[in-house]
Amino acid sequence: MSDPGSRGFDLPRHFDAKKAGAYDEVIPRIIPGYDILHRLTSNIVEIETGGQGRVLVIGAGTGTDAINLCRSHPGLSATGCDPSADMLAVAKRKIAEEGLEDRIDLKQGDVGELPDNPVFDAATMILVMHFIADGGGKKKLLDAVATRLKPGAPLVLADMFGDRDSPEYKDQETNWRNLQITAGIDPQDVDKSIRHAAKDTYPITEYRLSELLDESGFEVITPFFRSLMFGGWLARKKTG
């Protein structure tokens, strides 16, 4: 596991057993469009791979992405990596309940700890990179992903993005707060979550994201999801 400082903050400590146990119930109320984001991700992977091959799931969490992919597409298998043992414990239980143990492999740790040969036909990285500061950490992560993808393979990426100091971002944050409250989350918890986001997440502009992806060997960066300060993009590893 890499130095937590390169991440931005201590992810395993943050995503402890308590948060892991509540994650699947809470996160759709926090992220506007969470369910459609995952449906779009699964659909894009199917189109890009023809429903066949190996998928790398970065930030496997409680297993939602890997399970959705393998349940919907019998020709796919997945390797999921995540630094949080507590999140992976939930994922392991859910995978067993789905009978997918033979098609989903879980690894605790970072992408950079996986074998560095290009064996994966696709990768997903949903709501992960905004936890990493843009002081070399984001680039290092994208480099590690690119190393493990076959030429031309897709990366489906979703993250918080934008200029946090801009008036537009502040308007989005106001809307985000209200949406969480109307979804039934206590206003004090919402404000705590927003303070956490301000302290422990590192959104970048779409332009900066495109720069980083290009530098790490990705091209054809296509937006596919927008919801306030959350966005999704499809990129492909360069073939030359």
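How does the distance between the end C-alpha atoms of helix H4 agree with what its 16 residues should span? Hi everyone, let's start there, keeping in mind that this is a predicted model. H4 runs over residues 34-49, and at 1.5 Å a residue it should span 22 Å; its end C-alpha atoms are 23 Å apart, which agrees.

Now let's walk around that helix. Tyr34, Leu37, His38, Thr41, Ser42, Ile44, Val45 and Thr49 of H4 are buried. Those residues lie on the same side of H4, because they cover an arc of only 165 degrees around the axis. Over on the other side, Arg39 and Ile47 are exposed.

On to charges. Side chains of opposite charge can pair when their charged atoms come close. This structure holds 14 salt bridges, and I'd like to show you a few.

Take Arg208 and Asp134, which meet at 2.9 Å, N to O. Arg208 sits in helix H10 and Asp134 in the loop between strand S4 and helix H7, so this pair ties together parts that are 74 residues apart in sequence. Arg208 is partly exposed at 26% relative accessibility, and Asp134 is partly exposed too, at 33%. There is also a network of salt bridges here, linking Asp134, Arg208 and Glu211.

Finally, Arg177 and Asp191 form a salt bridge at 2.7 Å. Arg177 is in helix H8 and Asp191 in helix H9, so the pair ties those parts together.

Technical notes. Residues are numbered from 1 along each chain as its sequence is written. This is a predicted model: local features need pLDDT of at least 70, side-chain atom pairs count only at pLDDT 80 or more; totals for chains, interfaces and linings use all residues. Side-chain values use heavy atoms; hydrogens and water are left out. Helices (H or I, at least four residues) and strands (E, at least two) are DSSP runs, numbered from the N terminus. The expected span of a helix is 1.5 Å times one less than its number of residues. Buried means under 20% relative accessible area, exposed over 50%, partly exposed in between (1.4 Å probe, protein chains only). The arc is that of the directions from the helix axis to the C-beta atoms. A salt bridge is a side-chain nitrogen of Lys or Arg within 4 Å of a carboxyl oxygen of Asp or Glu.
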